Amino acid sequence: PIIMGFNWLLLVYCIATSLHKIENVFLYSISAALVMTALDILIEPMAMKLDFWQWKNNAVPLQNYLAWFVSSFILFFIFRTLNGRIENKFAKVVLLIQFLFFGILNLLLK
């Protein structure tokens, strides 16, 4: 659904601005992609339990996480290259809320 694309953009912006102090564009992009992939690790089990989508044998393939990492690395690299360093303190709060939301859902849905 289209809302998933908007959530991706929101996450890219929130992570990108939260890590704005990292100077090196490659280190920045790798760090940001790791944060994005960590969030996906929280999202996938919850999404399966809520029947948003399913994976074969109810196991998330490594390919999914690799795809999240590579896709987000590219997006973060482009974001940083085009936008430079942007700071937004509210973005950190939104990012924390996302991690808490999906983390708590995982605990409640076990």
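Which residues in α1 meet Y28, A32, V35, M36 and L39 in α2? The first close-up has the answer, and the others move on through the rest of this predicted model.

A few ground rules: the model is predicted, so local features need pLDDT of at least 70 and side-chain atom pairs count only at pLDDT 80 or more, while totals for chains, interfaces and linings use all residues. Residues are numbered from 1 along each chain as its sequence is written, and side-chain values use heavy atoms, with hydrogens and water left out.

**View 1. Helix α1 meets helix α2.**
On the α1 side you'll find W8, L11, V12, I15 and A16, and they meet Y28, A32, V35, M36 and L39 in α2. Contact here means heavy atoms within 4.5 Å. Helices are DSSP runs (H or I, at least four residues), numbered from the N terminus. The residues of this α1 and α2 contact divide into 10 nonpolar, no polar and no charged. For that sorting, Ala, Val, Leu, Ile, Met, Phe, Trp, Tyr, Cys and Pro count as nonpolar, Asp, Glu, Lys and Arg as charged, and the others, Gly among them, as polar.

**View 2. How α1 and α2 cross.**
The two axes come within 10 Å and cross at roughly 130°, which makes α1 oblique to α2. Axes are lines fitted to C-alpha atoms, for helices over the stretch in contact, and the angles run from 0 to 180 degrees between N-to-C directions. Angles under 35 degrees count as roughly parallel, over 145 as roughly antiparallel, 65 to 115 as roughly perpendicular, and the rest as oblique. As for handedness, the crossing of α1 and α2 is right-handed.

**View 3. Helix α1 against helix α3.**
Here α1 (residues 2-18) packs with α3 (residues 62-83) at an angle of about 60°, and the axes are 11 Å apart. So α1 is oblique to α3, and α1 passes α3 in a right-handed crossing. From α1 the contact takes W8, V12, Y13, I15 and A16, and from α3 it takes W68, S71, S72, L75, F76 and F79. Sort the residues of this contact and you get 9 nonpolar, 2 polar and no charged.

**View 4. Helix α2 crosses helix α3.**
The axes of α2 and α3 come within 8 Å, with a crossing of roughly 140°. That makes α2 oblique to α3, and this crossing is right-handed. The residues of the contact of α2 with α3 divide into 17 nonpolar, 5 polar and 3 charged.

**View 5. S29, a residue in helix α2.**
Is S29 buried or exposed? At 0% relative accessibility, S29 counts as buried. The cut-offs are under 20% relative accessible area for buried, over 50% for exposed and in between for partly exposed (1.4 Å probe, protein chains only). Not counting residues up to four places away in sequence, S29 touches F73, F76 and F77.

**View 6. The salt bridge of R85 and E23.**
The structure holds 1 salt bridge, defined as a side-chain nitrogen of Lys or Arg within 4 Å of a carboxyl oxygen of Asp or Glu. The side chains of R85 and E23 make that pair, at 2.5 Å from N to O. R85 sits in the loop between α3 and α4 (89-108) and E23 in the loop between α1 and α2 (25-49), so the pair ties together parts that are 62 residues apart in sequence. Their C-alpha atoms are 8.6 Å apart in space. R85 is partly exposed at 44% relative accessibility, whereas E23 is exposed, at 56%. Leaving aside neighbours within four places in sequence, E23 is in contact with R80 and R85.

N57 counts as exposed at 69% relative accessibility, and N58 counts as exposed at 55%.

Key
Helix = DSSP H or I, 4+ residues; strand = E, 2+ residues; numbered from the N terminus. Left-handed = near helix turned anticlockwise from the far one by under 90°.
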